[in-house]
Amino acid sequence: MPVDTDAPRVDVVAPPVEADVPRMDAVAPPVEADVPRTDTGPLTGAASISVAARMCGWLEARALFIAAVAAVTVISFASIPAHLSQDGWLALVAGRIIAHHGIPYHDYLTVMAYGVRWHDQQWLAQLLMYGLYSLGGLALLTVLYVLITGAAFAMAIAAARRLGADDRHIVAMLPLGAFFYLATAVSIRTQGFAYPLFVGVLWLLASELRRPTRRAYLAFPMLIVWGNLHGSATLGAGIACLYGACVLGAGVAVRPAKRWRGLLDARGLAFLICSPLCLLVTPYGLSIIDYYRATLFNPEFGKLISEWQPVTAYMVLAVPLLLVIVGIVWALGRSGRRTPVWHQLALIVLALGAIDAVRNITWFGLAMVVLMPATLTHVFPPKPAAPRRYRLNLTLAGASIGLTVIVAAATLARPASWFESTYPTRAVSVVRSIVARQPHAKIFADVRFADWLVWHDPALAGHIAYDTSFENLSLQQLEMLNRLGEPLAPGQRDPLAPYSVLVLYPQNRATNHELVSRTRARVILRSKRVLIATKTAT
């Protein structure tokens with residue numbers, strides 16, 4: 001009878017059998033390691049330990065990144081009341097209109113823009129914000145908003161690692177990147193929904209430069225969604241067009257003898273042509289162009305809106321920004337061709353945008369985190385890794401996650417009054433009572449209070465002079481608002497004449513004094529948060 005050579009022999013020279021291995025018979029072949037055991041308890045425990053070990057290893061290796069994201073998130077949580085302002089209230093007011101009456105096409109919220117064509121480009125983000133409020137009030141809305149902004153920052157770090165940057169160079173970019181990002185990202189408004197899309201488009205196109213695939217075309221649906229969330233979609237379309245131009249340029253460089261073929265590269269042409277067209281995929285169609293023209297090329301915005309002013313208006317931002325730009329130019333020069341042309345052009349364009357307007361500095365901060373670490377890795381080759389402090393890193397990661405969870409839970413448990421603690425709740429009842437006595441009263445409210453009043457009392461719509469939808473105002477109206485605090489010229493009619501109620505922000509002391517004195521208004525409520533005065537309308 002043939003004997004399996006792999007089976008143990010049963011004779012005096014047979015190897016000893018371990019006591020804990022059950023034997024079926026004398027000639028049974030050994031059980032292979034990959035044969036499943038009938039007793040699954042020890043295997044399940046080992047698998048659980050393995051999963052836990054891998055998770056701990058993942059957290060330990062990314063401890064500093066987790067701490068940075070946690071810092072950005074916790075700071076944003078703590079500043080919610082200070083940054084829930086006029087843009088957020090307009091989003092809630094518009095979201096309520098969309099939820100109950102559909103997408104608006106005319107503005108009936110204010111006196112100065114009453115009946116004007118309204119291209120509500122941000123309708124989708126407004127609807128999302130109102131939907132979150134309906135589910136869980138201001139607590140759920142603001143907590144999820146902060147988590148979205150934190151997720152965008154985490155995506156930027158992940159993008160930098162996937163683009164080949166050394167961890168040390170990513171860590172070096174995080175402090176300044178977070179500083180610029182938080183300069184405007186903390187405000188609760190529709191713009192926050194665009195941060196993950198910005199990072200996603202930047203990450204996608206940067207990775208496609210190294211290994212082109214069809215995934216690059218995912219940028220188009222991302223731009224379409226972005227075009228219904230926030231006006232910064234023009235930035236995304238510009239970056240995508242720049243990518244298309246770089247693809248065409250690379251095609252020409254590869255085929256110098258047949259340059260026309262390089263200029264006909266399908267991918268490059270698709271991004272050059274389709275990227276701006278994605279912005280037209282909205283309920284407003286081609287007319288949405290009027291919105292972008294009214295916002296991007298309006299000379300009065302920079303005079304009236306602080307975020308549209310050049311960064312030099314705020315030296316606390318201008319000095320570090322200019323120093324960082326000098327450092328970036330130096331690093332790009334040292335890196336040379338090792339940094340793709342698109343990376344260089346994207347950083348330069350975003351840097352110029354940040355200099356031009358404060359509102360753009362957030363995008364520059366995110367782009368720094370995504371693109372600059374890889375350039376630094378080219379300039380400064382990675383050094384041998386220092387010995388890792390496993391327990392310290394794991395403790396830091398766990399503490400960061402735990403702190404974020406605790407602060408988020410504490411924010412959700414806050415009373416509704418905490419989220420509006422920077423607003424004078426008594427002002428709503430005062431203004432409501434005046435309008436009840438004078439149904440046709442018109443209210444000149446500071447932009448900080450305009451949509452906040454309408455949010456708390458929808459009946460005030462049509463009574464408020466103007467709100468933060470400045471694109472719905474004419475150039476003459478914007479110029480009037482810019483000069484509101486100046487003395488009237490001889491024979492000039494006071495633009496406040498039609499208004500019988502003034503709701504002013506106390507911090508604008510000089511302007512408030514001019515308005516109250518020249519209209520001879522009577523102050524009926526004065527506090528640290530609001531000044532309300534009444535007068536006779538003419």
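This is a predicted model: local features need pLDDT of at least 70, side-chain atom pairs count only at pLDDT 80 or more; totals for chains, interfaces and linings use all residues.
## The chain as a whole

The protein chain has 538 residues, of which 47% count as buried, and its secondary structure comprises 22 helices and 6 strands. The accessible surface of the chain comes to about 27100 Å², and carbon and sulfur atoms account for 64% of that area.

Two packed helices are described by the angle between their axes and the distance between the axes. For helix α5, which covers residues 123-162, and helix α16, which covers residues 361-379, the angle is about 10 degrees and the axes are 7 Å apart. Angles under 35 degrees count as roughly parallel, and α5 and α16 are therefore roughly parallel to each other. The crossing in which α5 passes α16 is right-handed. On the α5 side the contact is made by Ala 152, Phe 153, Ala 156, Ile 157, Ala 159 and Ala 160, and these meet Leu 366, Val 369, Val 370 and Pro 373 on the α16 side. By class, the residues of this contact are 10 nonpolar, with no polar and no charged residues.

Helix α16 also packs with helix α14, which spans residues 315-335, and here the angle is about 35 degrees while the axes are 10 Å apart. The crossing of α14 and α16 is left-handed, whereas the crossing of α5 with α16 is right-handed. From α14, the residues that take part include Leu 317, Leu 321, Val 324, Ile 325 and Trp 330, and from α16 they include Ile 361, Phe 364, Met 368, Met 372 and His 378. The contact of α14 with α16 divides into 14 nonpolar, 3 polar and 1 charged residues, and Arg 334 of α14 is among the residues that meet α16.

## Helices α8 and α11

Helix α8 (residues 219-226) and helix α11 (residues 266-278) have axes that come within 8 Å and cross at roughly 25 degrees. The two helices, α8 and α11, are therefore roughly parallel to each other, and α8 passes α11 in a right-handed crossing.

In this contact, Ala 219, Phe 220, Leu 223 and Ile 224 of α8 meet Ala 270, Phe 271, Cys 274, Ser 275 and Cys 278 of α11. The contact of α8 with α11 holds 8 nonpolar residues, 1 polar residue and no charged residues.

## Thr 73, a buried helix residue

Thr 73 has its place in helix α2, which runs over residues 63-78. The relative accessible area of Thr 73 is 4%, which means that this residue is buried. Leaving out residues up to four places away in sequence, Thr 73 touches Val 146, Leu 147, Gly 150 and Thr 404.

Tyr 390 lies in helix α17, which covers residues 390-412, and with a relative accessible area of 41% Tyr 390 is partly exposed. Apart from neighbours within four places in sequence, the contacts of Tyr 390 are with Cys 56, Gly 57 and Glu 60. Although Tyr 390 and Gly 57 are 333 residues apart along the chain, their C-alpha atoms are separated by 8.4 Å.

Met 480 belongs to helix α21, made up of residues 475-482, and at 24% relative accessibility Met 480 also counts as partly exposed. Not counting residues up to four places away in sequence, Met 480 touches Met 112 and Pro 495. The C-alpha atoms of Met 480 and Pro 495 are 7.8 Å apart in space, while the two residues are 15 residues apart in sequence.

Arg 520 is found in the loop between α22 (509-519) and β5 (522-526). At 77% relative accessibility Arg 520 counts as exposed, in contrast to Thr 73, which is buried.

Most residues other than glycine have a negative phi. In Arg 520, by contrast, phi is near 55 degrees, a positive value in a residue other than glycine.

Key:
Residues are numbered from 1 along each chain as its sequence is written. Side-chain values use heavy atoms; hydrogens and water are left out. Helices (H or I, at least four residues) and strands (E, at least two) are DSSP runs, numbered from the N terminus. Buried means under 20% relative accessible area, exposed over 50%, partly exposed in between (1.4 Å probe, protein chains only). Contact means heavy atoms within 4.5 Å. Axes are lines fitted to C-alpha atoms, for helices over the stretch in contact, and angles run from 0 to 180 degrees between N-to-C directions. Angles under 35 degrees count as roughly parallel, over 145 as roughly antiparallel, 65 to 115 as roughly perpendicular and the rest as oblique. A crossing is left-handed if the near helix is turned anticlockwise from the far one by less than a right angle, and right-handed if clockwise. Ala, Val, Leu, Ile, Met, Phe, Trp, Tyr, Cys and Pro count as nonpolar, Asp, Glu, Lys and Arg as charged, and the others, Gly among them, as polar. Accessible areas come from the Shrake-Rupley method with a 1.4 Å probe; for residues, only the protein chains shown count as cover.
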